[in-house]
Amino acid sequence: MRVSWYRILGAAILAGATLASAAHIARAQDDQVLMPEQSEAKARELVRLAVEALGGKAYLNLKDSTCTGRLSSFDHSGDLTGFGKFIDYTKPPDKDRQENLPKRNIISVFNGDKGWDLDRGGVSDAKPSDLADYQEDVQKDLDNILRRRVHEPGISLRYAGPDVVDLKQAQWIEIVDSDDRTIRIAFADNTHLPIRKTVETRNPRTRFKTTEIEYYSNYHPIREVMTPFQITRERNGMKVFQVFFEGCEYNTGVSDALFTKESLDQRWAQIPEKQKVRDKKETDRLKEKQKDDDADPSKSPTADKGANIAR
């Protein structure tokens, strides 16, 4: 007997609603039954299981990573604003270098509280807003949380209950840090791997709340470290970026020198003169043209500098 697609969809919605309702009841019961110290102990056990699933010592002792992939970025209306191939070098917790491929003539480097950009106009300091966004991303980064931040003084952990997340049975934990960020992480029951993270922050001046969600999927083992090859970020219900990794290498001895302004100066010196633009009006015109090119996948792609991937 043939079953119409909308019947299947209706059954899935009904089943999902039933599971979600049951999960909500179970979560409420758990929150009522568990004492604070029991709730924290359960949350820390879920973190321990997740770290083991991600690779245990290999995950905790990761020194550097080099990943290639494709990045799509979106504007406030949800329209695609950039699509390009990139290579990203990181040294946890706060060193990151992202280059567009294949030309490597648009590069962003962040190193702790410093940052620089290279484009066709030369090397410049990162915008204060970009640097602030990067430093905020470091604090919210999933790997940084699981490796380091859960052990920080002043961090509060609690078990937040079971749920159905992306059609998977999962368990949530909730973390509140000293800066009043509320971070929730869902771990799949069958693998213990993280599949979703939500972060709530509140603007200290306007008191408006921002909710950011990241989805992690398509995990692959690389040198004993489980790596999500697809990451999607949404902010207040709108998609911000989507990353599709093509490959990663770990612990290859990435040099600290790669995360300096001097490294960008050296790269600038290697770029052919005909690709350099020293007039500001011409630089601004080419940046606008680059945005148009990025929005068209048929044209030469470049990585979006505003969406560095902290790993």
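**Briefing: fold, disulfide, strand pairing and salt bridges**

Among contacts in the protein between residues at least 6 apart in sequence, 52% join residues at least 24 apart. The model is predicted. Its secondary structure comprises 7 helices and 13 strands. The protein has 311 residues, and 43% of them count as buried. Its accessible surface comes to about 16700 Å², with 52% belonging to carbon and sulfur atoms.

**Helix α6**

- Ser263, Leu264, Arg267 and Trp268 are buried in helix α6, which spans residues 261-270. Viewed down the axis of α6, the buried residues fall within an arc of 140°, so they line one face of the helix.
- Gln266 and Ala269, on the other side of α6, are exposed.
- The strands against which the buried residues of α6 pack are β3 (95-101), β4 (107-111), β5 (114-119) and β6 (122-125).

**Disulfide**

- The structure holds 1 disulfide. Cys67 and Cys248 form this bond, with their sulfur atoms 2.1 Å apart. Because Cys67 lies in strand β1 (residues 65-74) and Cys248 in strand β13 (residues 238-250), the pair ties together parts that are 181 residues apart in sequence.
- The torsion about the S-S bond of Cys67 and Cys248 is about 115°, so the disulfide is right-handed.
- Cys67 and Cys248 are both buried.

- Strand β10 (residues 194-202) and strand β11 (residues 209-222) run antiparallel and are joined by 7 bridges. In this pairing, Arg196 stands opposite Tyr215 of β11.
- The hairpin of β10 and β11 has 6 residues between the strands, and Arg207 there takes a positive phi near 65°.
- Strand β12 (residues 225-235) pairs with β11 in the antiparallel sense, over 10 bridges. Tyr215 stands opposite Thr232 in β12.
- Between β11 and β12 the hairpin has 2 residues, and Arg223 takes a positive phi near 50°.

**Salt bridges**

- The count comes to 25 salt bridges.
- Within helix α2 (residues 36-54), Arg44 and Glu40 are 4 residues apart and therefore separated by about one helical turn. Their side chains meet in a salt bridge at 3.0 Å, N to O. Arg44 is partly exposed, with a relative accessible area of 30%, and Glu40 also counts as partly exposed at 30% relative accessibility.
- Glu246 forms a salt bridge with Arg70, and the closest N and O atoms are 3.5 Å apart. Since Glu246 lies in strand β13 and Arg70 in strand β1, the pair ties together parts that are 176 residues apart in sequence. Glu246 is partly exposed at a relative accessible area of 42%, and Arg70 is partly exposed at 29%.
- Glu214 and Lys197 form a salt bridge in which the closest N and O atoms are 3.5 Å apart. Glu214 is in strand β11 and Lys197 in strand β10, 17 residues apart, so the pair links distant parts of the chain.
- Glu214 is buried because its relative accessible area is 8%, under the 20% limit. Lys197 counts as buried at 3% relative accessibility.

Methods. Residues are numbered from 1 along each chain as its sequence is written. This is a predicted model: local features need pLDDT of at least 70, side-chain atom pairs count only at pLDDT 80 or more; totals for chains, interfaces and linings use all residues. Side-chain values use heavy atoms; hydrogens and water are left out. Buried means under 20% relative accessible area, exposed over 50%, partly exposed in between (1.4 Å probe, protein chains only). Contact means heavy atoms within 4.5 Å. Accessible areas come from the Shrake-Rupley method with a 1.4 Å probe; for residues, only the protein chains shown count as cover. The arc is that of the directions from the helix axis to the C-beta atoms. A disulfide is a pair of cysteine sulfur atoms within 2.5 Å. Two strands pair if DSSP finds at least two bridges between them. A salt bridge is a side-chain nitrogen of Lys or Arg within 4 Å of a carboxyl oxygen of Asp or Glu.
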